[in-house]
Amino acid sequence: MTTPTISERAGPGLSGRLPMSNATTAFIAAGALAIGLYFLLPPDGQSVFYVVIGASSVAAIFVGSARNLPRAERLPWQLFGLGLAGQVAGDAIFAVYEVSLDREPPSPSVADVFYLAGYPLLAIGVLLILRRLGGQTSRTAILDTAIIFSGVALVQWVFFIDPYNHIRFGTEGARLVAMGYPAMDVLLLVALAQLLVGPGGRAVAYRLLLASVALWVVADEIYGLNFDSYQGGDWIDALWLGSYVVWAAAALEPSMAHIAEADRRRLPRLTTARLTLLAAASFTAPLTLLIERAAHHRAHAFVIALGGAALAALVLLRLAGLVHAVERAGLAERVARREAEQAQQLLAYQNQQLLEIDRQKDEFVSSISHELRTPLTSIAGYVELLLEEEQDTGKRGHLAIVERNADRLLALVSDLLFAARLQYGRLELERSPVDLQTLVRQAMDSARPRAQAASVVLGVETVDVPKIQGEPAKLAQLLDNLISNAIKFTPRDGRVDVRLAARDTMIRIEVSDTGIGIPDEERERLFERFFRAQAALERQIQGTGLGLYISKAIVEAHGGRIGVDGAPGEGTTFVVELPVA
Amino acid sequence: MSAEGRLVLCADDDEDILSLVSLRLRRAGFDVATATDGEEAVQIARSRRPALAVLDVMMPRRTGYQVLEELRGDESLRDIKVILLSARVQESDVARGLDAGADAYLAKPFKAQELVAKIEELLGSGASPEPAGN
C-alpha cells in the first residue's frame, strides 16, 4: 500500500503519477474474474450473476463515495450509484422473467423505465464533476456543450435513432422505447466528450470514470447497430459488466477525492484537444452527408441542414466570445503597458530629483566647509602672528591655548565634513606610491608632543616594506587617528607601540596601547559613525565619535581591513592590513 | 632670488584675511596690491602686471576660477603665477582650480610660512626659463 505524501496529494497533476491503489487493482481483478465466470454459467445463472455483479458495483460506488469524500461532495457519485442502480433494477426484472417465466419481459416494460431513468442521472453526475473542475466561464462551457451536443445528436439521430423508424415494431411504444436508448446515449456521449477534454484528467479515478462511461456508451452503440441479433450472454455483456466494475473501481480509488481539482496547467486555455473536439462536432453535418452518400442511403437533408445551421450559429457565438476575450486581453495589455510607461516616467523623474538632491547636498557640504573655515582662517592666522611677536610668557601660553583650540575646531570641522561626504559614498583617492615607513615615522614625530604631555611612552618598530598605491594625506590621517586615540585612552606612564610589518602581499600596521581596553559589547559598534565608548564618556575624553569611522573608510578605500584585538583591562591593539598591489 | 620689488596681487572678499595675507607678504619683502572682489583683481592685474596673484575662490562679481581663466586667456597676463587660496577644500574644488591653470592650490586656514615658501618657489622658478608647474 503506497502512502501518498502531502505534496502528492496537493494536486491532480501529481496525484496522476500515483499508481492505482492495491485495493482498486484487486477489485478490478476480481471483477474481471467474475466477468469471466459469467460467460461459463448457464443462461439462468448468467441472468442472476449479471444482477449480482451490477448490484455489487452499485454498493461499491456508495461505499467508495462515503469513504473517500466529505458528505457535501458526494452528490455526483450518489447520482452514479442511483443511475447504475436503475440499470441493475432493469437487469433484475429481466432476470426474474427469465428465471421464473423462462422468457424475456414484454417490450416496453417496467425494466425500460428503470433503464432509461438511469441515463440522465449518470450524465448529470459527470457534468457536475466537470462543473466543479471549472476552468471555463459558464458561457463558453455552455456553448461548448451545446456544440458537442448538436454534433452528437445529429450523428446519433441519423445513424442510431432514425433507423428504428424503418423497422417493424410490435407497437409504437416499443419503437419509442427502442429509440429512447440511443437518444439517452446522446447525454452520455456529450458527458464522455467533455471528460476527454476536461481540465482534470490525471487522477487515476478520473481515468477510470472516463473508461467506465466509454465502455457503457460503446456497448450501447454496438447493441444499437446489432440489436436484432443480440441475445443474453452475448460478448457485448462483457462491456456493460466491465463498465459496472470500472465505475465502482473509480469510486473506491482514493484519488477520486481529487477528481474535481483541476490541473492548473490545462486550466484557462482553449486546449488542442478541446479545439479538435469542437472542430469534429462542427464537421458532423457535412461528414454525415458524405457518409450517407457513400453508403447510398437516403440523405437526412432536413436534419442535416438543421444540425448544420445550429452548429454554425453556435460556432459563431463561440467565436464572438473568443474575439471578445482577445479584445479584453488586448485592452488589459494596453492599460498595463500605459501604467508601466507611467511608472517608468515617474521613476526617471524621481531619479532625477534624487540626483539633484545629491548635488545640492554636495554643494551644501562644500559651502558649510567654506563658511566654517573662513573665520577659522582669521583666528588661526592672527594668533600665529601674535605668537611670533609676543614676548610675554604668560600671554604666549594663553595664545597657545587659543591656537590649540582653533586647531581642534578645524580638525572637528574636517572630520564632520569628511563623515558627511562619506554618507554620500564618495571617498575618492588620489593614489601615488606611498612609503608607509616614512609615513609612520612622520606620524610618530607629530604625536610625540602629545604623548609627552600625557606621560605616555611612544615606541615604534618598523621594517622596510614595499610601497603601496595610496593617498598619502589620507593614510597620514589614518595613522594620526589611531595614534591619537591610543594616547587618549592610555593612562599616565603607559605605552603606545606602533609596529609596521610586511606579510605576503599585505602590509600590517599595529597600534597597541596599555590603556583601559574595549569591552566586548562595544567592539561591534566601534567603527560606527558617532559611536563613543562608555569609558570615553565617563572620563570626558574628547572626541566626536568620527575618528574610527573615518579610519575604517580610509582603510577600505585602500582595499584593506581594520580590526581590533585585546581584552578589557589589558590594553587594545588596532590592526590595519593594506594590500601591496 | 630676492623678493624685493616683486609685486604680488592679493584678492579676497574677507577683509580680515586680506589684511593678514598682505601683512605676511609685505613682511616677507613683497610689494602687495589688494583687491576685494574678482572684477577689481582683473583690473589690477591688467594695470599693474603683478608677478603673482593669490586669489580667493569664493569672491563676489568674479570667482577666483573666473579671474584665473581671464588671466590665462589673455596673452599679456598669461605669465602671472596664480595661487588659489580657498576654504573650499574638496578634491573636486582643488582639481577644478588646477585644471583651470592654477600653479598651486592652498587650503584655508594656511600657515604663513607655507604660503610664503610656495610664492618664493613659484617666483624663483619663474625667473628662469623652466616650464611652469612642476
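## A helix pair, a core and a chain contact

H7(A) passes H12(A) in a right-handed crossing, meaning that the near helix is turned clockwise from the far one by less than a right angle. This is a predicted model, so local features need pLDDT of at least 70 and side-chain atom pairs count only at pLDDT 80 or more, while totals for chains, interfaces and linings use all residues. Residues are numbered from 1 along each chain as its sequence is written, with chains lettered from A and ligands numbered from 1 in the order in which they are written.

Back to that helix pair. Helices here are DSSP runs of H or I with at least four residues, strands are runs of E with at least two, and both are numbered from the N terminus. The axes (lines fitted to C-alpha atoms over the stretch in contact, with angles from 0 to 180 degrees between N-to-C directions) of H7(A) and H12(A) lie 9 Å apart at an angle of about 20°. The two helices are therefore roughly parallel, a label for angles under 35 degrees.

Here is who touches whom, a contact being two C-beta atoms, placed from the backbone, within 7 Å.

| Helix | Span | Residues in the contact |
|---|---|---|
| H7(A) | residues 138-161 | A:Gly151, A:Leu154, A:Val155, A:Val158 |
| H12(A) | residues 284-294 | A:Thr284, A:Ala285, A:Thr288 |

By type, that contact has four nonpolar residues, three polar and no charged; Ala, Val, Leu, Ile, Met, Phe, Trp, Tyr, Cys and Pro count as nonpolar, Asp, Glu, Lys and Arg as charged, and the others, Gly among them, as polar.

Now the largest nonpolar core: it holds 76 residues, and A:Leu188 and A:Ala248 touch the most other members. A core like this joins buried Ala, Val, Leu, Ile, Met, Phe, Trp, Tyr and Cys residues through C-beta atoms within 7 Å, buried meaning 20 or more other C-beta atoms within 10 Å. Helix H8 (residues 172-197) of chain A supplies the largest share, 14 residues. Leaving out residues up to four places away in sequence, A:Leu188 touches A:Tyr119, A:Leu122, A:Ala123, A:Val213, A:Trp216 and A:Val217.

Chain B has five helices and five strands, running β-α-β-α-β-α-β-α-β-α from the N terminus. Of its 134 residues, 40% count as buried.

As for the interface, 14 residues of chain B are in contact with 15 residues of chain A. On the chain B side, helix H1 (15-27) and helix H4 (91-99) each supply at least two residues, and H1(B) gives the most, with three. That side divides into seven nonpolar residues, one polar and six charged.

Definitions and conventions:
Buried ≥ 20, exposed ≤ 12 C-beta atoms within 10 Å, placed from the backbone. Parallel < 35°, antiparallel > 145°, perpendicular 65-115°, else oblique.
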